[in-house]
Amino acid sequence: MAVRIGELLLKEKLITTEQLQQALNQQKANGGKLGYNLVKMGFVKDEQITALLSKQYGVPSINLTQFKIDPTIVKLVPTETARKYQIIPLSRSGSTLTIAMTDPTNVFAMDDIKFMTGYTVEPVVASEVAITDAVEKYYPSGKAGAAGAKGGKPGVTGSTLEMASKGLEELQATLGGDADDVEVLEELQEISAEALARQGEDAPVVRLVNVVLMSAIQKGASDIHIEPYEKELRVRYRIDGILYNIMAPPMKYRDAITSRIKIMSKLDIAEKRLPQDGRIKIRYNESGEPKEIDFRVSVLPTLFGEKIVLRLLDKDKLMLDMTKLGFESESLVKFEAAIARPWGMVLVTGPTGSGKTNTLYSSIAKINTPETNIMTAEDPVEFNLAGVNQVQVKESIGLNFAAALRSFLRQDPNIILVGEIRDFETAEIAVKAALTGHLVLSTLHTNDAPSTVNRLMNMGVEPFLVASSVHLICAQRLVRRVCSNCKEPSPMAPQALMQAGFNEEDANSVTPFKGAGCDTCNTTGYKGRVGLYEVMEVTEELRELILVGASGLELRRKAVDEGMLTLRASGLRKVKDGVTTVEEVVRETVK
């Protein structure tokens with residue numbers, strides 16, 4: 001094994017001949033394996049060896065420092081065997097036991113474990129350093145055990161904001177076998193007999209996709225990205241707005257994974273040249289209770305295969321209480337007053353993924369009563385709301401936002417929600433609806449609240465129509481919350497706080513907080529997200545400015561003079577309250 005590792009590292013030009021000789025000398029003097037010595041001497045990184053071994057043996061690689069192993073799984077393999085072969089049992093699924101080892105070709109070790117446990121053994125590869133530390137941690141012996149237990153943290157390499165690459169078996173270990181119990185609901189899936197037969201032959205791919213979906217739910221991800229490149233297949237999760245590398249399945253699974261997801265989401269598996277959109281609905285057990293969750297699927301042809309993005313739509317996590325979204329008290333009063341009006345237009349703006357849909361759904365939930373007729377046109381419909389008539393826009397058959405809006409006006413509506421105003425036709429009908437006794441809620445993609453007015457005018461809507469129809473514009477962003485479990489004061493120089501936007505008095509009195517990093521937040525210091533809101537109420541003075549064609553800058557100045565909190569000011573309030581950090585606010589807003 002030692003010679004092979006040395007040769008492989010030399011071949012990949014990760015080390016020089018001189019470094020290899022030094023490591024061999026160190027090995028002779030102090031013992032241990034060559035890879036271990038190379039890492040300890042700083043010639044090569046732990047993850048480089050793991051990636052190399054994974055490539056060499058064609059099995060997934062994992063990072064043992066990133067997850068906890070169930071003690072009941074650890075007990076399946078005796079201490080002597082684990083120490084003798086330097087292996088760690090990770091998970092059990094049915095009659096298969098997954099083990100992490102440095103040399104997946106060691107058939108003697110696998111035969112021994114198979115004979116002892118009675119399970120079929122499936123190996124994954126991990127580095128010598130990680131396995132040594134894990135053996136000391138999970139099979140402690142006196143002082144070595146204590147040292148090993150503490151040694152888990154320093155074993156983490158690279159940035160704490162990066163989640164190490166994980167293999168299929170590691171993810172399955174964190175799920176406790178639930179992945180095999182995933183049931184795709186027939187409501188959104190009809191699989192042909194031929195497709196089922198083809199997929200049934202490749203059970204590992206079905207299990208792999210189930211594990212990826214279930215792990216994303218467990219980790220609280222909002223999106224799953226499956227990305228094919230020339231020489232690797234990458235799986236990433238977006239957690240609290242940030243993308244993390246999770247695993248790199250072997251390239252041979254690329255087409256099989258794509259086909260499996262297409263079948264689950266009822267897409268054409270033969271069409272590889274055009275983008276496709278679909279939906280998956282699954283049922284699984286959470287703490288013994290059956291639970292359903294939707295995935296919105298988007299497939300896009302790229303240079304080296306089809307990239308798949310799945311958006312998790314968990315209705316249990318939909319926050320419909322407006323007081324908990326992050327509105328400042330004065331902004332919330334203005335917003336609630338605007339949506340309580342019998343007519344007019346309320347616009348929510350911001351980039352994709354800034355929480356606009358959640359804000360609109362919360363607004364509807366607040367004003368949804370048996371006396372009102374609420375109609376929505378969405379692309380796509382993300383959540384089903386009781387008592388609301390929701391229409392799925394389908395451009396391919398001519399049912400766009402404008403066509404849906406025209407039909408709505410013949411359906412005796414009180415409140416109309418338009419998913420997005422994209423063109424003049426939609427904007428014109430929405431404005432006219434707002435002026436003829438309907439409350440219209442919609443979204444636009446603009447940078448801040450004042451610039452929304454100019455955007456509508458650029459679309460072709462007359463200034464007098466904008467001035468008389470729009471009652472309130474709310475711009476928003478999402479920033480990460482400081483983890484409440486490891487929150488600690490993090491004083492900053494007053495000068496730095498003043499540069500961020502605090503006045504001199506606040507800069508000298510405010511103490512920002514940050515997360516130290518713990519297991520709860522995956523050592524990132526952040527857990528969950530909160531909204532920043534810029535709520536611009538269209539007052540008489542602002543209407544006059546809009547009528548004379550004032551610029552976004554002039555509207556902004558006037559709105560601030562009238563008490564509008566900007567996105568940056570909203571963020572600084574949350575820094576002051578210890579909800580988020582200065583870095584997060586600066587990343588998402590401008591002064």
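Student: Is threonine 581 buried or exposed in this predicted model?
Tutor: This is a predicted model. Threonine 581 lies in the loop between helix 24 (567–576) and helix 25 (582–588). Buried means under 20% relative accessible area. Because its relative accessibility is 2%, threonine 581 counts as buried.

Student: Which residues is threonine 581 in contact with, leaving aside its neighbours within four places in sequence?
Tutor: Start with phenylalanine 513, which is 68 residues away along the chain. The C-alpha atoms of threonine 581 and phenylalanine 513 are separated by 6.4 Å. With neighbours within four places set aside, the contacts of threonine 581 are Val482, Phe513, Lys514, Tyr526 and Val575.

Student: How many residues of strand 2 are buried?
Tutor: Strand 2 covers residues 96–101 and is mostly covered. Side chains in a regular strand alternate between the two faces of the sheet. Here Thr96, Thr98 and Ala100 point one way, Leu97, Ile99 and Met101 the other way, and all are buried. The count for strand 2 is 6 of its 6 residues.

Student: What is the bridge partner of arginine 92 in strand 2?
Tutor: Strand 1 (residues 87–93) and strand 2 run antiparallel, joined by 6 bridges. Their hairpin has 2 residues between the strands, and glycine 94 takes a positive phi near 65° there. In strand 2, arginine 92 has as its bridge partner leucine 97.

Student: Which residue in strand 3 stands opposite methionine 101?
Tutor: Strand 2 and strand 3 (residues 120–125) pair over 6 bridges. The sense of that pairing is parallel. Opposite methionine 101 stands valine 125.

Student: Which are the edge strands of the open sheet of 7 strands?
Tutor: The sheet has mixed pairing and the order 13-12-14-15-11-16-19.

Student: What is the bridge partner of alanine 377 in strand 13?
Tutor: Strand 12 (residues 374–378) and strand 13 run parallel. The two are joined by 4 bridges. In strand 13, alanine 377 has as its bridge partner valine 391.

Student: Why is helix 14 oblique to helix 15?
Tutor: Helix 14 (residues 329–339) and helix 15 (residues 356–367) pack with their axes 10 Å apart. Angles under 35 degrees count as roughly parallel, and 65 to 115 as roughly perpendicular. The packing is therefore oblique, at an angle of about 60°.

Student: How many nonpolar, polar and charged residues has the contact of helix 14 with helix 15?
Tutor: Helix 14 passes helix 15 in a right-handed crossing. Phe335, Glu336 and Ile339 in helix 14 meet Thr359, Ser363, Lys366 and Ile367 in helix 15. By class, these residues are 3 nonpolar, 2 polar and 2 charged.

Student: At what angle do the axes of helix 18 and helix 23 cross?
Tutor: Helix 18 spans residues 450–459, and helix 23 spans residues 552–561. Their axes come within 8 Å. The crossing is right-handed. Its angle is roughly 145°.

Student: Which residues in helix 23 meet helix 18?
Tutor: Helix 18 brings Pro450, Val453 and Asn454 to the contact. The residues of this contact divide into 3 nonpolar, 2 polar and 1 charged. On the side of helix 23, they are Gly552, Leu555 and Arg556.

Key. Residues numbered from 1 in each chain as written. Predicted model: local features only at pLDDT ≥ 70, side-chain atom pairs only at ≥ 80, totals over all residues. Heavy atoms only, no water. Axes fitted to C-alpha atoms, helices over the stretch in contact; angles between N-to-C directions. Parallel < 35°, antiparallel > 145°, perpendicular 65-115°, else oblique. Left-handed = near helix turned anticlockwise from the far one by under 90°. Contact = heavy atoms within 4.5 Å. Nonpolar A, V, L, I, M, F, W, Y, C, P; charged D, E, K, R; others polar. Pairing = 2+ DSSP bridges. Buried < 20%, exposed > 50% of the residue type's maximum accessible area, 1.4 Å probe, protein only.
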